[in-house]
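Work through the exercises below with the sequence and the model in view. Each task is followed by a solution in steps.

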Amino acid sequence: MENVVIIGSGCAGWTAALYAARANLKPLLLTGEQPGGLLTTTSIVENYPGFPEGIDGTELMMRMQKQAERFGAQTRYAVTVTKVDFNNLPFKLWLDDEIIETKTIIIAVGASHRHLGLKNEELLERKGVTYCATCDGALPMFRDKPLVVVGGGDSACEEATYLTHFASKVYLVHRRDQLRASKIMAERALSNPKIQPVWDSVVTDVYDISKDEVTGVQLKNLKTGAISDLPATGVFVAIGHVPSTGLFKGQIDMDGDGYILCKKGTYTSVPGVFAAGDCVDRVYRQAVTAAGTGCAAAIDTERYLAAQHG
């Protein structure tokens, strides 16, 4: 029987583990398939307090993990929860055939990359379609070639700027006529001579499935309706994220988009189940805000256990 199981290993998960461990709850953290979460796909994190020169996303997660484990947090790597039962105490989590029982749960599963929803996008994934420039941008297949980045936020600008180190040209395709990224990120991208914005446009197809590799995209101008083709060797999709909460459907209250609804602080609709990070936050979605809610979830969990068990 565990006191608290934390599902997810991003900023929210590791911060929750740190606070729960320091409260002597001996938390068990399940990393999921992507230890460290989406922040590990970011090259340099420049806006996390305490790192004036910036810090690599993976290194930041490793430091958080080391800090939590120093106080007694337990870690299970690369395990995926396949089923949950929040109807009775103790709560049950299935890791395939293994069952874990726990008094409390902190859900910190974060979010996953949003897709364009195109058939060829799916068929050409890992064959030129990708969702992580820092993971894949340096691959030989993309070097000195024209590339497309889809999106207009901070992530898209960061991806496009990063890709200029390898690409011959980066086309930044955005559905509006101005970026929605923060001012500093937008200016950095638009001032780069290798980045060419493609305004008021969306990608409506990815070529060429017959060659089993990306050769370009089909664009539609949303103002004129004009259809055009843009040659490219890679398509980097950076249009936001969706909460990774499908596992909990029917178990706790969520909104229509899958974000977990919390009542007081990090309390979910099920007493003893708490939630933190990007699976809750549809507004800010920053590393530091995720860490803050992870802290809150651990404190709420500690107080809940104290009230229940003394």
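**Exercises on loops, helices and a pocket**

Pro-90 sits in the loop that runs between strand E6 (83-85) and strand E7 (91-95). The model is a predicted one, in which local features need pLDDT of at least 70 and side-chain atom pairs count only at pLDDT 80 or more, while totals for chains, interfaces and linings use all residues. Residues are numbered from 1 along each chain as its sequence is written, and side-chain values use heavy atoms, with hydrogens and water left out. Helices (H or I, at least four residues) and strands (E, at least two) are DSSP runs, numbered from the N terminus.

**Exercise 1.** Describe the backbone at Pro-90, Asp-208 and Lys-26.

Step 1. The peptide bond from Leu-89 to Pro-90 is cis, and its omega is near -5°.
Step 2. Tyr-207 and Asp-208 are joined by a cis peptide bond with omega of about 5°. Asp-208 belongs to the loop between E14 and strand E15 (216-221).
Step 3. Lys-26 is not a glycine, yet has a positive phi of about 50°. Its place is the loop between H1 and strand E2 (28-30).

**Exercise 2.** Describe how H1 packs with H7.

Step 1. Two packed helices are described by the angle between their axes and the distance between the axes. Axes are lines fitted to C-alpha atoms, for helices over the stretch in contact, and angles run from 0 to 180 degrees between N-to-C directions.
Step 2. Helix H1 (residues 11-22) and helix H7 (residues 287-309) have axes 7 Å apart, at an angle of about 35°.
Step 3. Their crossing is right-handed (the near helix is turned clockwise from the far one by less than a right angle; anticlockwise is left-handed).
Step 4. Contact means heavy atoms within 4.5 Å. Residues making this contact include Ala-12, Ala-16 and Tyr-19 of H1 and Ala-291, Gly-294 and Ile-299 of H7.
Step 5. By class there are 11 nonpolar, 3 polar and no charged residues. Ala, Val, Leu, Ile, Met, Phe, Trp, Tyr, Cys and Pro count as nonpolar, Asp, Glu, Lys and Arg as charged, and the others, Gly among them, as polar.

**Exercise 3.** Describe how H5 packs with H6.

Step 1. Helix H5 (residues 154-163) and helix H6 (residues 183-190) pack at about 30°, their axes being 9 Å apart.
Step 2. The crossing is left-handed.
Step 3. Asp-154, Cys-157, Glu-158 and Thr-161 of H5 meet Met-185, Ala-186, Arg-188 and Ala-189 of H6. This contact has 4 nonpolar, 1 polar and 3 charged residues.

**Exercise 4.** What lines the second largest pocket?

Step 1. On a 1 Å grid over the protein atoms alone, a pocket is an open set of points where a 1.4 Å probe fits, with protein on both sides within 12 Å along at least five of seven lines; lining residues have an atom within 4 Å of a point.
Step 2. The lining has 14 residues, and Leu-116, Val-150, Arg-175, Val-202 and Ile-239 lie nearest the centre.
Step 3. Strand E14 (residues 201-207) gives the most to the lining, with 3 residues.
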